[in-house]
Amino acid sequence: MNEIKEKKLILSVKNVSVKFKVRDRILSAIRNVSLDLYDKETLAIVGESGSGKSVLTKTFTGMLEANGFLSDGEILYNGKNLLDISSDRGWEAIRGVEIATVFQDPMTSLNPIRTIGSQITEVIIKHQKKSGSEAKKIAIELMERTGIVDAKRRFNEYPFQYSGGMRQRIVIAIALACRPKILICDEPTTALDVTIQAQILNLIKSLQEEYGFTTIYITHDLGVVASVADKVAVMYAGQIVEYGKVDEIFFDSKHPYTWSLLSSLPQLGTKGEELYMIPGAPPSLYKDIVGDAFAPRNPYAMKIDFEEEPPFFKISETHAAKTWLLDPRAPKTEIPEAIRNLHQKMENLVHRTGYGNEEEVATHE
Ligand SMILES: Nc1ncnc2c1ncn2[C@@H]1O[C@H](COP(=O)(O)OP(=O)(O)OP(=O)(O)O)[C@@H](O)[C@H]1O
Ligand SMILES: [Mg+2]
């Protein structure tokens, strides 16, 4: 993993809460989340469906749906509070320009009835103030950089003539056309098969080195982040419950929810044995949550977990977890059997899938 030498804070989220109005009820999607992101690092946000990963990152680009609102907090981007932005125009200077997002399904980002080339050049003409012919040159170069073979010819093709993986490469090319400082990848590979997933991850990683942007990688699969992320934030029921460097999360995690996520990694399953599934379901976000939101599903829960919300306990400069198990008064607990020795198991995982292997950046599918 890259060691960050000179750390420059690029995004600082402070005590942010997001609520949605659903008919006459209020849903608390994000509850008091804080997060620091440093220039050129890769942060993975992991957690089950509904934990708030997408909602949290949508607040960075002003993309919350109309029924959503920030009830608290601030989001500093290069020192400027994004929550002071009050107009669509204000957001246009940030969204897609400073902070770009790549979504899961490339078809929703591409216009099916326009050529690939025109969709890339449009962005370049608008944001880089280039002429049509200059933009075309830059677009073809970007297509080549993102691994499109025979880019000159394919420039004039339509999205339906591209495979799923190729379309996702184009969406990445469009996102990079504005040279964003932060690239948010919201489950960019979930719809793709495993080999293509590895290729796209490796592509993003090598483009990041070349273009020097900061990446936020959203996924519910902890397995895919092992070799691409520097830091991991684990979300549960609208909160970050543990964060740390990737090694701290994989090999020294402290929150029982992180243990559950690790235990249920399909990649770590042994043939013939049943895969661990986290019992129960996340709490309703319409109700006030008392204590630790994970308590009802937590085999290690103590009385206090049902009564009081735990604070963050610091484990290292970069690692903290929000669990009463770290309170000095808590009984000593052992991590679950399934996730001991993860070092060895992870090596097999990286080896088997090709994640993190630069040579796997394929130029064709
Ligand atoms: N516009 C909305 N109106 C009401 N509730 C919403 C809205 N958008 C999101 N939510 C709710 O906010 C919570 C967090 O949603 P979010 O989409 O961030 O989850 P996620 O972690 O990205 O999940 P997934 O892995 O399924 O993408 C969920 O309970 C979701 O139903
Ligand atoms: Mg999501």
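Keep in mind that the model is predicted. The chain splits into domain 1 (2-220) and domain 2 (248-360). There's an open sheet of eight strands with mixed pairing, plus an open sheet of four strands with antiparallel pairing. On the charged side of things, the structure holds 17 salt bridges.

**Domains**

- Domain 1 covers 2-220 and domain 2 covers 248-360, with bounds that come from an automatic or database domain assignment.
- Domain 1 puts 19 residues into the contact, and domain 2 puts in 16 residues.

**The eight-stranded sheet**

- Reading across the open sheet, the strands go S6-S7-S8-S3-S9-S10-S12-S11.
- Strand S6 (99-102) and strand S11 (313-314) are the edge strands, each pairing on one side only.
- Strand S3 (residues 42-46) and strand S9 (residues 231-236) run parallel and are joined by four bridges.
- To pick out one bridge, leucine 43 has lysine 231 in S9 as its partner.

**Helices on that sheet**

- Helix H7 (residues 164-176) packs on the sheet, where it touches S6 and strand S7 (182-186).
- The direction of H7 makes about 175° with that of S6.
- Helix H8 (residues 194-211) lies across S3, S7 and strand S8 (214-219).
- Relative to S8, helix H8 runs at about 165°.
- H8 is mostly covered, with 13 of its 18 residues buried.
- Just past the end of H8, glycine 212 takes a positive phi of about 70°.

**The four-stranded sheet**

- The strand order here is S2-S1-S4-S5, again in an open sheet.
- Strand S2 (25-38) and strand S5 (80-81) sit at the edges with a single partner strand each, so one side of each has no neighbour in the sheet.
- S4 and S5 run antiparallel, and two bridges join them.
- Tyrosine 77 stands opposite lysine 80 in S5.

**Salt bridges**

- Lysine 14 and glutamate 74 meet through their side chains in a salt bridge, at 4.0 Å from N to O.
- Lysine 14 belongs to strand S1 (residues 9-22) and glutamate 74 to strand S4 (residues 68-77), so this pair ties together parts that are 60 residues apart in sequence.
- Lysine 14 is partly exposed at 34% relative accessibility, and glutamate 74 is partly exposed too, at 29%.
- Arginine 153 forms a salt bridge with glutamate 157, with 3.0 Å between the closest N and O atoms.
- In that pair, arginine 153 counts as partly exposed at 47% relative accessibility, while glutamate 157 counts as buried at 13%.
- Arg153 and Glu157 also belong to a network of salt bridges that links them with Asp150 and Arg154.
- Arginine 329 forms a salt bridge with aspartate 327, where the closest N and O atoms are 2.8 Å apart.
- Here arginine 329 is exposed, at 70% relative accessibility, whereas aspartate 327 is buried, at 10%.

**Two residues to look up in the viewer**

- Leucine 192 is in the loop between S7 and H8, and at 13% relative accessibility leucine 192 counts as buried, because the cut-off for that is under 20%.
- Leaving aside residues up to four places away in sequence, leucine 192 touches Gly164, Gly165, Gln168, Gln197 and Ile200.
- Leucine 192 and lysine 254 are 62 residues apart in sequence, and their C-alpha atoms are 32 Å apart in space.
- Glutamate 347 is found in helix H12 (residues 342-353), and glutamate 347 counts as exposed at 53% relative accessibility.
- Glutamate 347 and alanine 226 are 121 residues apart in sequence, yet from C-alpha to C-alpha they are 10.0 Å apart in space.

Note on methods. Residues numbered from 1 in each chain as written. Chains lettered and ligands numbered in written order. Predicted model: local features only at pLDDT ≥ 70, side-chain atom pairs only at ≥ 80, totals over all residues. Heavy atoms only, no water. Pairing = 2+ DSSP bridges. Contact = heavy atoms within 4.5 Å. Axes fitted to C-alpha atoms, helices over the stretch in contact; angles between N-to-C directions. Buried < 20%, exposed > 50% of the residue type's maximum accessible area, 1.4 Å probe, protein only.
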